[in-house]
Amino acid sequence: MPYFYYDWSIIVLLPGLLICLIAQARVKSTFAKYQKVAAHRGVQAQQVARQLLDEAGLQGVPIEVIGGQLSDHYDPRARVLRLSADVAQSASVASIGVAAHEVGHAIQHAQSYMPLTMRNAIYPVVNFSSHLAIPLLIFGFILELSGLVTVALALYAMVVIFQLVTLPVEYNASSRARMLLTQSGTLSGEEVAQAGKVLNAAAMTYVAATLMAMLQFLRLLLIFGNRRD
């Protein structure tokens, strides 16, 4: 057990941890900065989201206001767009950008955007495997059952695949958001650029999470290889 937690391979994770911390700090600071910039139309993000959904023919997609900070998301299973109260009730450039991003996900779902369809399909497996992989690895190492370790590694590989599939989903939603905000005239050109900075910062958190998952998988492979030697 001590080997598993304190072996030298832990250093493999350090670059990923650093990038994750930087990405989290950047998204928070960028959002806070542009949350103070009011859009010229003065329309709340929730109203903007409703307008964009309706214009996309998604009148049947409701908007729910929820708690939490930056907890905004589109739920494809319930077909509901959820906005945090801080975002929904704000008319800032940052909040409108976040709301439009989630509308982008709703449109992806309506149009059966392939990467989103793939992510939704593997999500149940990933949700299961992410909780089971590490315990299986620990038991496999303790009991010296290489077959069990192999299964655990395969399960964790699904987590990496999920993160990789998530990247085009998020970047495409941000691209759609910029286009929707420009075409609808909701934001001016300068405001769209400012909202884009918020979306770019948020996208980097997904890049960091993907890198972290890949480095963790590499570390587990290194541990497995050392234990077999």
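The axes of helix 3 (residues 45–55) and helix 5 (residues 93–110) come within 9 Å of each other and cross at roughly 30°. Because angles under 35 degrees count as roughly parallel, helix 3 is roughly parallel to helix 5. The axes are lines fitted to C-alpha atoms over the stretch in contact, and angles run from 0 to 180 degrees between N-to-C directions. Helices are DSSP runs (H or I, at least four residues) numbered from the N terminus. This is a predicted model, in which local features need pLDDT of at least 70, side-chain atom pairs count only at pLDDT 80 or more, and totals for chains, interfaces and linings use all residues. Residues are numbered from 1 along each chain as its sequence is written, and side-chain values use heavy atoms, with hydrogens and water left out.

On the side of helix 3, the contact (heavy atoms within 4.5 Å) is made by Ala45, Val48, Ala49, Leu52 and Leu53. Helix 5 contributes Ser95, Ile96, Ala99, Ala100, Val103 and Ala106. Of these residues, 10 are nonpolar, 1 is polar and none is charged. In this grouping Ala, Val, Leu, Ile, Met, Phe, Trp, Tyr, Cys and Pro count as nonpolar, Asp, Glu, Lys and Arg as charged, and the others, Gly among them, as polar.

Side chains of opposite charge can pair when their charged atoms come close. A salt bridge here is a side-chain nitrogen of Lys or Arg within 4 Å of a carboxyl oxygen of Asp or Glu, and the count comes to 5 salt bridges. One of them joins Asp54 and Arg50 at 3.0 Å, N to O. Both residues lie in helix 3, 4 residues apart, about one turn of the helix. Asp54 is partly exposed, with a relative accessible area of 30%, and Arg50 is partly exposed at 25%. Buried means under 20% relative accessible area, exposed over 50%, and partly exposed in between (1.4 Å probe, protein chains only).

A salt bridge between Arg119 and Glu170 has an N to O distance of 3.3 Å. Arg119 lies in helix 6 (residues 114–143) and Glu170 in helix 7 (residues 146–184), so the pair ties together parts that are 51 residues apart in sequence. Both Arg119 and Glu170 are buried. Elsewhere, salt bridges that share partners join Glu64, Asp75, Arg77 and Arg82 into one network. Within it, Arg77 and Asp75 meet at 3.8 Å, N to O; Arg77 is exposed, with a relative accessible area of 68%, whereas Asp75 counts as buried at 12%.

Conventions
Helices (H or I, at least four residues) and strands (E, at least two) are DSSP runs, numbered from the N terminus. Angles under 35 degrees count as roughly parallel, over 145 as roughly antiparallel, 65 to 115 as roughly perpendicular and the rest as oblique.
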